[in-house]
Amino acid sequence: FAARLDEQLEAMDQAYSVLDFPNLAALAHWLKGAGGTIGYHAFTEPARTLEMCAKAGDGPGADAALRELHHLTGRLVVPGQTHSASAAA
């Protein structure tokens, strides 16, 4: 999940940078489901917010949600590693 998360966040950043809200919403939807499914529930609400903002074309809201997801990713600790998952990428 951690490795895929870094890839997906990069794709989210790219989609946001070109205002590709449909793609951003789809990527956020993936994170909303995937994070909760494997026990990373802290990602569910910010991903839900990002998905809703993207669907509404709310750039500032999407930006805030993306920043929150990056913050959470920076705090993600993968068992067996001594540093955050995003620092390993």
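**Group meeting: helices, core and an aromatic cluster**

Let's start with Thr44, which touches Lys32 and Gly36, leaving aside residues up to four places away in sequence; contact here means heavy atoms within 4.5 Å. Thr44 sits in helix H3, residues 44-56. Helices are DSSP runs of H or I with at least four residues, strands are E runs of at least two, and the numbering goes from the N terminus. Thr44 counts as buried because its relative accessible area is 16%. For that term, buried is under 20% relative accessible area, exposed is over 50%, and partly exposed is in between, with a 1.4 Å probe and protein chains only. Thr44 and Ala34 are 10 residues apart in sequence, and their C-alphas are 8.5 Å apart in space.

A quick word on the source. This is a predicted model, so local features need pLDDT of at least 70 and side-chain atom pairs count only at pLDDT 80 or more, while totals for chains, interfaces and linings use all residues. Residues are numbered from 1 along each chain as its sequence is written, and side-chain values use heavy atoms, with hydrogens and water left out.

Okay, helices. H1 covers residues 2-17, and its 16 residues reach 23 Å from first C-alpha to last, close to the 22 Å expected at 1.5 Å a residue. That expected span is 1.5 Å times one less than the number of residues. Buried in H1 are Ala2, Leu5, Asp6, Gln8, Leu9, Met12 and Ala15. After H1 comes Leu19, with a positive phi near 55 degrees.

Now H4, residues 59-75: 17 residues reaching 25 Å, close to the expected 24 Å. Which residues of H4 are buried? They are Gly59, Gly61, Ala62, Ala65, Leu66, Leu69, Leu72 and Thr73.

On to the core. The largest nonpolar core has 22 residues, and those with the most contacts inside it are Met12, Leu24, Leu31, Phe43, Leu50 and Leu69. By that I mean buried Ala, Val, Leu, Ile, Met, Phe, Trp, Tyr and Cys residues joined through side-chain atoms within 4.5 Å. H1, H2 (21-37), H3 and H4 each give two or more residues to this core, and H2 gives the most, with 6 residues. As for Leu24, again leaving out residues up to four places away, its contacts are Met12, Ala15, Tyr16, Leu50, Ala54 and Ala62.

Last bit: rings. There are 4 aromatic pairs, where ring centres of Phe, Tyr or Trp (its six-membered ring) lie within 6.5 Å; planes under 30 degrees apart are stacked, over 60 edge-to-face, and the rest tilted. Phe1 and Tyr40 have ring centres 5.0 Å apart and planes at 10 degrees, so that pair is stacked. Phe1 is in the segment before H1 and Tyr40 in the loop between H2 and H3, 39 residues apart. Phe1 also pairs edge-to-face with Phe43, 6.1 Å centre to centre and 70 degrees between planes. Phe43 is buried because its relative accessibility is 2%, while Phe1, at 26%, is partly exposed. Together, Phe1, Trp30, Tyr40 and Phe43 form one aromatic cluster.
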